[in-house]
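Q: I have a structure open and would like to go through it. Could we start with the sheet?

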Amino acid sequence: MTGWLGRIVALAILLGLAACGPSKFKTYSGPPVTQVVVNKGARQMLLLNGNTVLKAYRIGLGNEPLGHKQFEGDGRTPEGLYYIDRRNPDSRYHLSIGISYPNPHDAVRAAELGRSAGSDIFIHGQGPEGRALSKLRQDWTAGCIAVTDAEVEDVYAMVRDGTPILITP
């Protein structure tokens with residue numbers, strides 16, 4: 001009797017887990033991403049291994065997409081060389097990976113303007129807010145780089161902390 005009861009409980013647990021749906025956490029076993037390149041003007045993000053493009057994505061930017069981020073709240077996406085420095089599995093935008101903005105130069109430039117450089121610049125998915133806003137306009141973030149929720153799952157799996165990210169005009 002205990003054997004049958006144990007099997008029924010195990011089956012119930014397996015069925016319950018299967019009903020939870022697919023996980024947003026994917027695995028990746030391909031070539032490592034050695035650099036991320038974002039071309040703001042083309043609204044494109046490339047994941048590279050050396051000179052080989054592993055993936056390319058259409059992106060949305062800050063709601064003021066032209067020019068380098070000057071200070072917190074300006075709606076611009078930074079430009080320059082940064083690094084992936086953190087990840088947020090509980091992001092309100094599905095998943096997100098952090099960009100090391102501001103660098104020391106960014107902080108000094110903002111201070112000269114009497115402002116804070118800000119922080120919390122991420123590559124992230126859309127989440128509920130982004131799905132609604134992205135239907136109205138392509139560039140809707142506060143300065144981040146946005147892809148779809150399905151795409152950020154790939155990026156989150158492929159890009160490791162410490163990976164350089166070059167953001168060009």
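This is a predicted model: local features need pLDDT of at least 70, side-chain atom pairs count only at pLDDT 80 or more; totals for chains, interfaces and linings use all residues.

Q: What holds paired strands together in general?

A: Strands of a sheet pair through backbone hydrogen bonds, and the pairing is either parallel or antiparallel.

Q: How do β1 and β2 run, and how many bridges join them?

A: They run antiparallel, and five bridges join β1, residues 35-39, to β2. Within that pairing, Val37 has Leu46 in β2 as its bridge partner. The two strands form a hairpin with four residues between them. Arg43, in the turn, has a positive phi of about 55°.

Q: And β1 with β8, parallel or antiparallel?

A: β1 and β8, the latter covering residues 164-168, pair in the parallel sense over four bridges. Asn39 has Thr168 in β8 as its bridge partner.

Q: What about β4 and β5?

A: β4, residues 80-88, and β5, residues 96-99, run antiparallel and are joined by four bridges. Arg86 is paired with Gly98 in β5.

Q: Let us step back. How many helices and strands are there in the protein?

A: The protein has four helices and eight strands. Read from the N terminus, the elements run α-β-β-β-β-β-α-β-α-β-α-β. Among contacts between residues at least 6 apart in sequence, 60% join residues at least 24 apart. Of the 169 residues, 40% count as buried.

Q: How many of its residues are buried?

A: Eight of the ten residues of α4 are buried, so the helix is largely enclosed by the rest of the structure. Among the buried residues are Asp149, Glu153 and Asp154, together with Val152 and Tyr156.

Q: Next, Lys40. Is this lysine buried or exposed?

A: Lys40 counts as buried, because its relative accessibility is 2% and the cut-off is under 20%. This residue sits in the loop between β1 and β2.

Q: What does the side chain of Lys40 have as a polar neighbour?

A: A polar atom of the Lys40 side chain lies 2.8 Å from the backbone oxygen of Gly67. Leaving aside residues up to four places away in sequence, Lys40 touches several others, including Leu61, Pro65, Glu79 and Ile167. Thr168, the bridge partner of Asn39, is also one of the residues that Lys40 touches.

Q: And Thr163, buried or exposed?

A: Thr163 is buried, with a relative accessible area of 6%. Thr163 is in the loop between α4 and β8. A polar atom of the Thr163 side chain is 2.7 Å from the backbone oxygen of Arg160. Not counting residues up to four places away in sequence, the contacts of Thr163 include Val33, Gln35, Tyr82 and Ile84.

Q: Changing topic: which residue caps the N-terminal end of α2?

A: Asn103 caps that end, with a side-chain oxygen 3.0 Å from the backbone nitrogen of His105. The backbone nitrogen of Asp106 also lies 2.8 Å from a polar atom of the Asn103 side chain. Asn103 is in the loop between β5 and α2, the helix of residues 104-112. At 25% relative accessibility, Asn103 counts as partly exposed.

Q: Finally, how much space lies in the largest pocket, and what lines it?

A: The largest pocket holds about 310 Å³ of space. Its lining consists of 20 residues, of which Tyr93, Asp120, His124, Ala142 and Cys144 lie nearest the centre. The largest share of the lining, three residues, comes from β6.

Technical notes. Residues are numbered from 1 along each chain as its sequence is written. Side-chain values use heavy atoms; hydrogens and water are left out. Two strands pair if DSSP finds at least two bridges between them. Buried means under 20% relative accessible area, exposed over 50%, partly exposed in between (1.4 Å probe, protein chains only). A polar contact is a pair of N or O atoms within 3.5 Å; within protein, one must be able to donate a hydrogen and the other to accept it, and residues adjacent in sequence count only if both atoms are side-chain atoms. Contact means heavy atoms within 4.5 Å. On a 1 Å grid over the protein atoms alone, a cavity is a set of points where a 1.4 Å probe fits but cannot get out, and a pocket is an open set with protein on both sides within 12 Å along at least five of seven lines; lining residues have an atom within 4 Å of a point. Grid points are joined across faces, edges and corners, and a volume is the space filled by probe spheres set on the points.
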